[in-house]
Amino acid sequence: MEKIVLPEIQNYNQIDVYLANGGFESARKAFTQTTDDIIDQVKKSGLRGRGGAAFSCGLKWSFMPKTTDKPKYLCINGDESEPGSFKDRQIFEDNPFQLIEGAIITCYAIGARVAYLYIRGEYHKWIKLMQSAIDEAYSRGFLGAKMKETFSTDFSCELYIHKGAGAYICGEESSLMNSIMGLRGYPRVKPPFPAQNGLWGCPTTINNVETITNIPAIIKNGWEWFSKIGAPKHPGTILFGISGHVNKPGLYELPSGTLLTDIIFNYADGIPGNKKIKCVIPGGTSMPPLRGDQLEGVRMDAESLKAAGSSIGTGGIMVMDEDTNLLKVLLRIAHFYHHESCGQCTPCREGTGWMEKTLHRIDEGKGSSADLDLLISVANNIEGNTICALGEAAAWPVKFMIERFRDEFEKHVGKDISIPVPNKVHSMRGTAVPLEDIQK
Amino acid sequence: MKFQFTEENLNRIEAAKRKYPNPLAAVMDTIYIAQEQNGYITDEVMEEIANVLSIDKVNVLSVVTFYTMYHTKPVGKYHIQVCTNVSCMLRGAYDIWEGVREKFDLDNMHVTQDGKFSLEEVECMGACGYAPMIAVNEDFFENLNKEKVFEILDSLK
Ligand SMILES: Cc1cc2nc3c(=O)[nH]c(=O)nc-3n(C[C@H](O)[C@H](O)[C@H](O)COP(=O)(O)O)c2cc1C
Ligand code: SF4
Ligand code: FES
């Protein structure tokens, strides 16, 4: 299978190797085309954002105003703080120049002269690697004023790294812009959207690192080529990070629409001790968890996961075996969102705290069945009532975990139900017990 | 004593300012530079940051207090960060966290008396596929277990 984002070429992270393999030729090609043309190709390619929401990349670019006296900006989102995600760092490490080339083409397409690459502060090592790649690109004339000569064009752009400082919320696009501007990372009320009113009130586009890294390949091979890879409605490859209870955790670049079970059992080599699967979070902790018996046939693309009752998110797959205490997992997740809530909206600030406290109480053995309903009701009251999507990110795991594993949570609140098999709610490949049977 | 940036750091701050259309945006970089020089951010440090960027001190304060990687109190020579988020937790992170706490007899965000070690329980560090992990200052250590963690800690002089 062809790899687009992380090609298997030795030392591809060195500029000479990158150049020897056609590096920066896509940018050269792009400069011979109109910006409308490029946006059109990206639209037709079907590329959707890899940062969580899977929004059409070309469509987002087309929102940028054509005529404006203001400067325009590109932000490349490498905040990568969603628990379960560890993909962007591999791009920084193994394929920095394709990311830089993607940034150049994107800047040209949307008319931005400055791009900021936002990298989470904890990624010291990857910030250094990326900075030296950027310095190299400058000195070879692929960035900055010298670009005009290199590419025989009258366009040039700058690329700067902005280092985050430990705040999950700064991955949210409007918070990210405030952070770049030197403010607290508070999300902004939308509308206005970034394409109208972004960095310093100027038109701005925000895309994830992996999204941007796909761009040179689309320009080089054409949108038709890209649109035929993987799932038709969500084409291309995706960097799937798989972690938790699997034999070979790690990062796998696979066509979108790959079977989730294929990733777990073939690529990640199954579950240690051949245990059964109780729960899988398919796209980072913000996404609704799936029961082990919901996994069969689920494909890893936006549409399929939606149909299965979850979401593709960042492609960070977390696997939990039959012995996992889901209450502890959910408590940990609730703690995370409580800790990371920026505190601007009451439902999010208070709700995340309330959910954590309630789960804590249940964990101490002082919970009741009513608490479970309370948790779901608190989650429902957060959802849709906040400035940014951290509200949903905090509500979904709680709501869906409890709904989908109700019997297990009932055990923790002392309701005396007998479960003859230690784990009924789990299991793959025809051995699953339907939830209705368990609840009877 | 009044805090002053070194000549070299003043140059780095100038370079940071050139990335942005206004100096306020360079505040995050500047706080990092100050923290590197001083170890942590005090009131005088914030004053000097405001000074070199010609911004209000309240702007510096609001940023310093928002982000977890800026420290307003000293941390140890080795700042040990243990991730206990889900992927790490599923592979034994709490064992490590408890073990490390016991070893140093320290709580979260405390420093040993000799100033050598400090502990922090951190959120997901983007190393979930290589869990469990810890970070010591800026370096990640991955694919660990308790024994390996102790080996690493014992090697810190
Ligand atoms: C709380 C929160 C955290 C987010 N964190 C990230 C992140 O770390 N990286 C990222 O690319 N997108 C993140 N997003 C999504 C961004 O807001 C934005 O949609 C994305 O960067 C757009 O890029 P894309 O269209 O290329 O996916 C986050 C969103 C929310 C609500
Ligand atoms: S939803 Fe939460 S994180 Fe988002 S703006 Fe509101 S309080 Fe802040
Ligand atoms: S959960 Fe520990 S690094 Fe992601």
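So, which residue stands opposite Tyr78(B) in S2(B)? Hold that thought while I set the ground rules. This is a predicted model, where local features need pLDDT of at least 70, side-chain atom pairs count only at pLDDT 80 or more, and totals for chains, interfaces and linings use all residues. Residues are numbered from 1 along each chain as its sequence is written, chains are lettered from A and ligands numbered from 1 in the order written, and side-chain values use heavy atoms, leaving out hydrogens and water.

Back to the question: Phe117(B) is the one across from Tyr78(B). Strand S1 of chain B, residues 78-83, runs parallel to S2(B), with six bridges between them. Strands here are DSSP runs of E, at least two residues, numbered from the N terminus, and two of them pair if DSSP finds at least two bridges. The open sheet goes S2-S1-S3-S4 in chain B, with mixed pairing. S2 (117-122) and S4 (139-141) of chain B each have a single partner strand, so one side of each has no neighbour in the sheet.

Now over to chain A and ligand 2. Among the 13 residues around this ligand, the nearest are Cys342(A), Gln344(A), Cys345(A), Cys348(A) and Cys388(A); "around" means a heavy atom within 4 Å. That shell splits into eight nonpolar, five polar and no charged.

Terms used
Nonpolar A, V, L, I, M, F, W, Y, C, P; charged D, E, K, R; others polar. Helix = DSSP H or I, 4+ residues; strand = E, 2+ residues; numbered from the N terminus.
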